[in-house]
Amino acid sequence: MRVLILAASVFAAMSPLAANAQSGSDASGGDLVKRGKYLAIAGDCSSCHAENFSGGKEIESPIGAIYAPNITPDQKTGIGDMTEADFEGALRRGKSDTWLYPAMPYTHYTGLTDADVKALWAYFKQVKPVENDVPETDLGFPFVRPAMMGWNTLFLDKGHPPGAADVSGDQLQRGRYLVETLEHCSSCHSPRGTLMQEDTSKHLAGGMLNGWYAPNLTPSDKGGLGDWSEADIVAYLSKGRNAHAVAGGEMGLVVSRSTSKLSSDDLTAIAKYLKAVKPVDTQPEASGPDGQATLDLAALEVPNGDWQSVVGHNTTDGATLYQGACATCHGMNGQGTAAPALSKISDVRSANAANVVQVIAHGINMPNDTRHVAMPGFQRTMSDAQIASVASYVRTNFGGVDGEVTKGSVANILSGKQQVSWIIANAAQLAWAAIAVAVLLVLALIGWAVMRTRRRA
């Protein structure tokens, strides 16, 4: 789960004792590298920089494509000539040989301890070098790299991740370190402000990312995780599924590459911290259907068959499409057979239809060490109007949601376009206007000075 805002380092298999140790300065070289590997997994570096860390992924943002760099020690295209000080600067200050964009979550990594920076450096120095010349990020004027100096002045609080709760006790502090620094959860699960900074007044209260809804992670009973137990949170992070949800999209990658590989102690610490943060109410989920929904087979336009034949039909009847494409796994009444019961899935009951639409269109593909969770996507075989009909049918009949999903909303969701503030949308024009005003002021001052000099003469 997470995107405007992803990127570089942190955690894979080592003992809970080593994982929770915060000093590490006296560790042997091998132990330090092990610790760095675990940190690189916890920081979910591979989701942006690829599993071999050679980079190249195009990270979509509302202001343009940002390319994750090669962070292997390759001398030509990677970080082979980077010093430890450069590495620390990139992680905690967003600055090495150049200014970084906050798609690299340095506003979170600023909370990394010195010992963990050293461990990460030890690990990345010894990963296999890969030559991969990544495209240069070019967001255009005025989103040039030096502009990040001003942005950082406003929104980078050195040593303090945005919105982190004040907690006491070793376990809660560990949970805060994992959630707010290493896993940088709020970079996706918080809404954005006027200048695309995290809105700390709604910390962890949910946000849109590339057409997906990263849900409210606070313990609120209205739209949040109020009805999730600590065990539910641990199950979701370790397996990508529980009684309430199945991880899809970027969150599926986060689970398979990062959270599923954390120690049980760390997962418990995350769960306890999320239950301890300030609840923020958002639009509550529907309570579910009044009764058990069933399909009226006699009313269907086409006979039951394989989903390919049904979705090839031009019908936009939601029941017909559900029977052909979904009922085999989710059951005729949505109670699940080979797949989860839809009436229990929080995304189905959510006021935001984005994740239901995305899953129908793109499916789910989440490999992990114990079970590969997969569902086919139908974007190639269903039109936007058909996806809208299935989404409406599922949300109304199995989620109890009052509201239709339209063809236009499906197109908007699948486009991945993210709303930005008026200032960001008109940034180029405003910047040029500001430059023009500045030039006029300078010319006026020069003219005033010339006139004053002549009067004196």
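**Figure 1. Leu-39, a buried residue in helix H2.** Leu-39 counts as buried because its relative accessibility is 1%, where buried means under 20% relative accessible area, exposed means over 50%, and partly exposed covers what lies in between (1.4 Å probe, protein chains only). The residue sits in helix H2, which covers residues 29-42. Helices here are DSSP runs of H or I with at least four residues, strands are E runs with at least two, and both are numbered from the N terminus. Follow the chain 139 residues from Leu-39 and you reach Leu-178, yet the two are 9.7 Å apart in space, C-alpha to C-alpha. A word on what you're looking at: this is a predicted model, in which local features need pLDDT of at least 70 and side-chain atom pairs count only at pLDDT 80 or more, while totals for chains, interfaces and linings use all residues. Residues are numbered from 1 along each chain as its sequence is written, and side-chain values use heavy atoms, with hydrogens and water left out.

**Figure 2. The chain as a whole.** Of its 457 residues, 50% are buried. The chain exposes about 21300 Å², and carbon and sulfur atoms supply 54% of that; these areas come from the Shrake-Rupley method with a 1.4 Å probe, and for residues only the protein chains shown count as cover. Take the contacts (heavy atoms within 4.5 Å) between residues at least 6 apart in sequence: 66% of them join residues at least 24 apart.

**Figure 3. Ser-54, in a loop between a helix and a strand.** Ser-54 belongs to the loop that runs from helix H3 (45-49) to strand E1 (58-61). With a relative accessibility of 7%, Ser-54 counts as buried. What does Ser-54 touch, leaving aside its neighbours within four places in sequence? Its partners are His-49, Pro-69, Asn-70, Thr-72, Val-130, Asn-132 and Val-134.

**Figure 4. Ala-90 and its contacts.** Ala-90 is part of helix H4, residues 84-93, and is buried at 11% relative accessibility. Setting aside neighbours within four places in sequence, Ala-90 is in contact with Lys-95, Ser-96, Leu-100, Met-104 and Tyr-106. Tyr-106 is 16 residues along the sequence from Ala-90, and their C-alpha atoms are 7.2 Å apart.

**Figure 5. A cis peptide bond at Pro-142.** Look for the link between Phe-141 and Pro-142: this peptide bond is cis, with omega at about 5°. Pro-142 is in the loop between helix H6 (114-126) and helix H7 (148-155).

**Figure 6. Two residues with positive phi, His-184 and Met-196****.** His-184 isn't a glycine, but its phi is positive, at about 40°. You'll find His-184 in the loop between helix H8 (170-182) and helix H9 (186-189), buried with a relative accessible area of 2%. His-184 and His-108 are 76 residues apart in sequence, while their C-alpha atoms are 5.8 Å apart in space. Met-196, also a residue other than glycine, has a positive phi near 70°. Met-196 is in the loop between H9 and strand E3 (207-209), and at 13% relative accessibility Met-196 is buried.

**Figure 7. Helices H10 and H12 in contact****.** Two packed helices are described by the angle between their axes and the distance between the axes. Helix H10 (residues 230-239) and helix H12 (residues 264-276) have axes that come within 9 Å and cross at roughly 130°. The axes are lines fitted to C-alpha atoms, for helices over the stretch in contact, and angles run from 0 to 180 degrees between N-to-C directions. That makes H10 oblique to H12, since angles under 35 degrees count as roughly parallel, over 145 as roughly antiparallel, 65 to 115 as roughly perpendicular and the rest as oblique. H10 contributes Glu-230, Ile-233, Val-234, Leu-237 and Ser-238 to the contact, and H12 contributes Leu-267, Thr-268, Ile-270, Ala-271, Lys-272, Leu-274 and Lys-275.

**Figure 8. Helices H18 and H19, roughly perpendicular****.** The axes of helix H18 (residues 384-399) and helix H19 (residues 407-415) come within 8 Å, crossing at roughly 100°. H18 and H19 are therefore roughly perpendicular to each other. The contact involves Asp-384, Ala-385, Ile-387 and Ala-388 of H18, together with Lys-407, Val-410, Ala-411 and Leu-414 of H19.
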